[in-house]
Amino acid sequence: METTSTPTHCPYCALQCGMNITPLPQGGVEVTERPDFPVNRGALCGKGRTAPAVLSSAVRLTSPLVRSGDRLVSASWEEALARIAGALGSTRERYGADAVGVFGGGGLTNEKAYALGKFARVVLGTSQIDYNGRFCMSSAAAAGTKAFGLDRGLPFPLEDIPRTGCVILVGSNLAETMPPSLRFFSELRANGGTLIVVDPRRTKTAEQADLHLAPRPGTDLALALGLLHLVVAEGRTDEEYIRERTAGWAEARAAAMGHWPEYVERITGVSVPQLREAVRLFCEPESAMVLTARGPEQQSKGTDTVGAWINLCLATGRAGRPLSGYGCLTGQGNGQGGREHGQKADQLPGYRKLDDPAARRHVAQVWGVDPDSLPGPGRSAYELLDALGTDVRALLVMGSNPVVSAPHAAHIEERLRSLDFLAVCDVVLSETAELADVVLPVTQWAEETGTTTSLEGRVLLRRRAIAPPTGVRSDLEVLHALAARLGVEKGFPADPEEMFEELRRASAGGPADYSGISYRRLAEENGVFWPCPAEFAEGAEDGGGVEDGGGGERAGARRTAFRARGGPAARGLDDGEDAVLDTMPDDDPAGDAETAVHPGTPRLFLDRFATEDGRARFVAVAHRAAAEEPDAEYPLLLTTGRVVSQYQSGAQTRRVPELNAAAPGPFVELHPRLAARLGAAEGDPVAVVSRRGRAVAPARITPAIRPDTVFMPFHWPGEGRANTLTNPALDPTSGMPEFKTCAVRVEALGPQE
């Protein structure tokens with residue numbers, strides 16, 4: 001047996017930690033440290049260490065399944081593919097192309113996400129495609145695009161965090177969701193910097209903070225506005241920066257001044273002295289950052305909330321400068337790349353807009369189709385799921401488990417059951433796959449080669465280390481076979497590198513330009529940060545580009561990349577600011593510029609933002625209530641989140657004994673005062689009831705949560721499914737559902753027998 005170690009990356013979160021995989025003589029594989037990868041330097045969390053457990057044939061799918069009555073039974077690949085192609089084709093013919101839907105996932109590689117979007121639009125001709133990443137980073141993406149003209153989770157590498165002066169971490173429990181990243185914040189504090197954590201719970205991350213702000217769920221927008229009010233009132237704005245590098249300040253300032261400290265204290269529960277201390281800690285150092293995660297983003301006003309935190313950065317000159325900026329801590333393994341290359345409802349590859357004529361022309365040329373044949377934007381994720389069984393009659397799901405992960409989950413489960421036809425491609429028999437008419441077993445991380453893009457915007461190469469079990473095929477092979485059966489013989493290669501080469505061409509000149517990235521470079525350079533255009537020089541064919549709205553043209557994208565700056569010498573910041581500012585050549589370098597290799601862009605916006613005029617945009621926003629506030633019938637607030645030993649819907653991690661031993665099931669976190677009032681003791685079952693349903697789980701009593709709030713993790717199905725309760729109220733810009741707050745009541749059910 002081959003025993004050579006293969007360097008690759010973890011299949012779970014957006015850190016994409018480096019690891020080595022070695023096949024064992026007795027079967028299976030061993031994961032070992034890979035200290036050369038700078039993000040984790042060899043450290044792995046429990047999920048990463050135990051990832052090989054899901055490679056076992058004992059816990060995964062190894063044969064296609066088809067429905068026979070009320071059961072799923074084994075079938076040949078030929079039968080399974082024929083059933084899917086037949087159902088998708090007949091549904092399209094009978095009801096129209098938009099009666100067929102596609103639902104993707106933020107864990108798919110870039111090649112798969114690209115191919116899935118192309119499959120939906122070219123083969124099926126449907127506009128009805130979206131993915132579960134809509135439930136993760138969409139509000140931050142929308143806010144970042146509004147403010148900066150470009151969405152990349154972090155505009156700087158993680159290694160910059162220990163060098164800044166202060167970080168405000170909003171709605172992230174990264175000590176549990178991405179444990180290897182905690183060292184960057186520990187190093188920040190060791191270097192004399194300060195950490196402010198905003199979270200309604202005193203999490204393990206909050207315990208590391210110099211200042212913990214615990215706002216009432218759903219009030220992060222008011223909190224950000226209150227801090228900005230104090231920045232203005234205390235004369236801490238950077239007026240020169242505002243004048244030279246931003247637009248829209250007057251309106252944003254006026255909106256913020258309506259949120260005086262005492263008013264914000266009444267809304268959020270955060271005291272005025274704490275507000276003032278947060279402003280002092282953030283403004284006194286020369287550099288600072290704001291990082292958001294799902295807490296402020298998963299709200300029906302998530303885009304405005306993130307925009308308000310960006311306003312705080314802009315008003316104090318903390319964006320587009322070394323060791324400063326706003327960033328989003330992307331969650332899923334390929335949550336960044338998954339939102340760049342076409343599986344979103346309104347998007348084409350390279351982060352282009354589907355309704356942009358220039359973008360349509362460019363991508364259609366790469367695909368060899370008429371631009372007019374491409375459908376327009378479709379429904380966002382929840383809207384698509386809500387339309388199942390009515391407007392959308394057949395659905396192909398790839399790498400997602402909405403029965404557990406979608407809001408108002410009982411309703412979504414009902415919609416899935418109402419479909420004429422459901423096909424699911426997955427590694428395991430998830431709760432969604434259990435409802436399917438056809439289930440296809442597909443390869444996973446260690447069994448396939450492909451690229452992902454980390455939360456830093458670093459494009460990475462995952463390498464195949466072992467062969468998949470007999471009977472398992474890759475998602476690319478599935479799409480290749482389905483496309484051929486539906487009449488499209490070419491354009492869907494099963495080889496991932498061939499698909500990536502096409503992705504490079506399709507992304508060229510777009511905001512997320514990968515055209516200068518190759519598998520060879522990724523292997524040699526430990527990843528490459530986008531944008532990375534294929535050529536250095538200005539003046540290639542066509543004009544405009546990202547500065548004109550993200551069309552198909554290259555020159556504008558290169559201008560954005562040049563002005564962002566940040567080549568290899570900038571990555572360590574060893575020589576201070578000059579190391580960042582002097583790493584890229586002039587816009588018109590002499591010599592053989594046309595063939596120079598672009599180094600990638602670790603740090604964005606250092607000279608200009610990716611807007612037409614190069615200025616960042618303030619957004620004028622005001623506090624508004626959550627879509628659902630407590631009342632006499634539902635007097636408490638529910639917030640949801642993750643635990644360290646499970647991941648997302650738990651479809652894979654719930655099959656790992658070591659992880660299940662650490663986190664065996666759901667629970668309801670209650671403050672001692674609330675528990676006493678209810679008569680609930682530690683471990684007693686309690687029912688949490690919202691307007692959408694009821695969930696039952698053991699009580700976990702802790703002073704780490706607010707007395708007016710309860711918390712449930714969302715990894716489990718069944719009676720403890722947290723998303724049975726959550727509110728599908730959508731952000732009007734991003735389509736993000738309001739996972740993070742809804743009104744509930746809690747009922748004590750007495751001691752467990």
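Modeller: Of the 753 residues in the protein, 66% are buried, meaning under 20% relative accessible area with a 1.4 Å probe, protein chains only. This is a predicted model, where local features need pLDDT of at least 70 and side-chain atom pairs count only at pLDDT 80 or more, while totals for chains, interfaces and linings use all residues. Residues are numbered from 1 along each chain as its sequence is written, and side-chain values use heavy atoms, leaving out hydrogens and water.

Searching the whole structure turns up 5 cavities of 30 Å³ or more. Here a cavity is a set of points, on a 1 Å grid over the protein atoms alone, where a 1.4 Å probe fits but cannot get out; points are joined across faces, edges and corners, and the volume is the space filled by probe spheres set on them.

Your second largest cavity holds about 100 Å³. It is lined by 16 residues, and those closest to its centre are Pro155, Phe156, Arg321, Ser324 and Leu604; lining residues have an atom within 4 Å of a point. By type, the lining has 10 nonpolar, 3 polar and 3 charged residues. Nonpolar covers Ala, Val, Leu, Ile, Met, Phe, Trp, Tyr, Cys and Pro, charged covers Asp, Glu, Lys and Arg, and the others, Gly among them, are polar.

Stepping back, the C-alpha atoms of the protein fill a box of roughly 80 × 70 × 55 Å along the principal axes.

Key
1 Å grid on protein atoms, 1.4 Å probe; cavity = no way out; pocket = protein on both sides within 12 Å on 5 of 7 lines; lining within 4 Å. Buried < 20%, exposed > 50% of the residue type's maximum accessible area, 1.4 Å probe, protein only.
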